[in-house]
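Here are my notes after a look through this one. Have the structure open while you read.

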Amino acid sequence: MVSGFNINELTNYDSQYWRVDWFGYLSYEDSSGQRRSEPLVDIYLSPFFYRPTPNKLNYKLSTNKHKVNRVQVPISYLRVIRLGDVWHQGKRFPLPYSSKMREKFRSVVISPEFTYTATAEAKGKLGDHLLPSTHHPYHKLASNVHCEFVKVDEDNLLIFPHYVLLQAYFSSSQYVFQQLFKFGLQFNSLYDPTQSYIRNDGHAFILLKKWTHDSAAPEVARLAFDEVAAKAIRRLSEGLSLQNINKSPISPKLTFPFQGKTTLDVYGKWCPLSSKRRVFIVYDILSCNANYPFASLTYFRNNPGDKKPVKTPPPSGKGKGTPPRGRPKPPPKEKDIDLHPDSEPRSNVDDLLVEGRAITQFPDLMDKSIEKKRQKDHLDENSTVGPVSSDDDLTGGNIGDGDTHGTAVPICFIPPFLDQEHKNKYKFSEKLCRLDLFSQLLNELSNCARITNTEIISIYNNLGKEDGNHSYFPTTYLESGKTSTWQYIHYIKELGFIANGDEKYRHRRAIIAKLTVANSITVFLAEAERRIVKVTEGWIELDKTAIFLALDRNEDSISKFHLQNLLSQSAEERGKWDHTQLPSNVESWSLRHAANDSIESGDYVHRQKNLIEKRLGFKLT
């Protein structure tokens, strides 16, 4: 990360509202000629005359074009700064999309026949500028920025600045996004080609390198298994190097990372041409339904403890089953240190505590299995942590192995010394189940007047009984490489496992609900299962997991992929909800539960509903 940049520079340290008009050229060296750790990009902004409204974003006269502010920003910040955004006092000023600036183009053909690359000042066959400065004067400040021109039909043309393509298709991970702007990018800095392959049935396996974030697995897999995407990014890297050698203004030059028909939901601006045709300059790609090159994806990563490489990939036949070849890793230099991070790298922009626009949605990924697994070759029979309780351990106090369906936690009596240790915990008169209470809460919420639909989402249901109502926390690992125990509901640190047989390693459950509000707002709620044990004076809970609450004002921003990451990271952090796993436009909270005595008084559901409404800022009834 380049130090010394303050996000308030975007808004000139004043109280005006500023529109992001254009992305300009890249700068790789500082004033002394030293190479920066990451390039800076010119961002051009103009101030509004008055407080902006959605429709005002469409007009050039809404801002003062004579007071354009050029700010040099580290390239990582383009993960949250988009064309057409409004910024105010160092923060994005969120506005709904104007219907005048949002279009859905169906059956758009991405191919050399209908698509070509040119700069923003390109002219058409009739000699007119395809991006007219009469309606879009902003690009004149950096007119050699590369764009992709896509012919929709005889009368309409789409223009995609190449910065927008990178933001849409390759910005899930900060590390990956940074790497794309390097001269001479090597794909083996993102994933290991020798241990990544795709089977003939379309199931892909990819080993992510140590700094590549989990969220980037689909886009890196696209690079690995789609030659069109690989060529596009190789072209990007070569183009940056050539522009630098030729002392030309530097901007990214690539193509779409796929070919074929697609439907594009885009945000931008219509501009008329003198030839009576129209062009739509795209500020952001909101959704793209182009296919990814895999039917399902399993990804691994270089975690601590994964010191030994996987020996060979399983047999996969010919054609797509052949692992792609990659260049061998260069020998380490004398003072190089091979860093093995203790945890998965963060995907958010360092030190940038701002909210960006919603990320691009890819419907093709919604129904595809994308699963994270550990490299099984690295595990041994001793990887499980914790003592194993013997059959005659009287402190276990098990009365059977749960209910007949194997879903209830068996009764466990805490020994006297632990009873004393937990003496300050709330004592319930009867055994309770937080998931049952949560189900009652969802029933109450689904009957509210403003709730139009309630859906239970099942994540990692292969880890338990696939009843469709529960999700499960996946297996996680300690820094030593050994298996964590938090995800096992029948494990208590002081006692070991309190169940036997099939129930011994039962994964902790969760319920995840998606509630649709009448005005197209979506609310997500999640509750995690808690361990409960018998003590002398009643029952106590050993966990303090909060309720997860999220508010999505843009329809379908949260996918199953986000929820998988949410559960995985929560398991790694022993029940703490990691809100960075969600799209940046989603508001989310870890919500405290209503007081324990409300459970015994029968008032819990009503009080919990009030807490949810208070946090959301509106009533559901």
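Predicted model: local features only at pLDDT ≥ 70, side-chain atom pairs only at ≥ 80, totals over all residues.

1. Start with helix H1, residues 162–169. It is largely enclosed by the rest of the structure, because 8 of its 8 residues are buried.

2. Helix H10 runs over residues 604–616, and its 13 residues reach 18 Å from first C-alpha to last, close to the 18 Å expected. Its buried residues are Tyr-604, Val-605, Gln-608, Lys-609, Leu-611, Ile-612, Glu-613 and Leu-616. They pack against helices H7 and H9 and against strands S21, S24 and S25.

3. Now the cores. The largest nonpolar core has 105 residues, and the ones touching the most other members are Trp-22, Ile-43, Ile-81, Phe-160, Tyr-169, Ile-233 and Ile-285. Leaving out neighbours up to four places away in sequence, Ile-233 touches Leu-166, Phe-170, Leu-180, Leu-185, Phe-187, Leu-223 and Leu-254. There is also a second, separate core of 33 residues, with Leu-435, Cys-448, Leu-591 and Ala-594 among them.

4. Last, the cysteines. How many disulfides does the structure hold? The count is 0. Cys-271 counts as buried because its relative accessibility is 0%, while Cys-433 is partly exposed at 22%.

Note on methods: Residues numbered from 1 in each chain as written. Heavy atoms only, no water. Buried < 20%, exposed > 50% of the residue type's maximum accessible area, 1.4 Å probe, protein only. Helix = DSSP H or I, 4+ residues; strand = E, 2+ residues; numbered from the N terminus. Expected span 1.5 Å × (residues − 1). Contact = heavy atoms within 4.5 Å. Core = buried A, V, L, I, M, F, W, Y, C linked by side-chain atoms within 4.5 Å. Disulfide = S-S within 2.5 Å.
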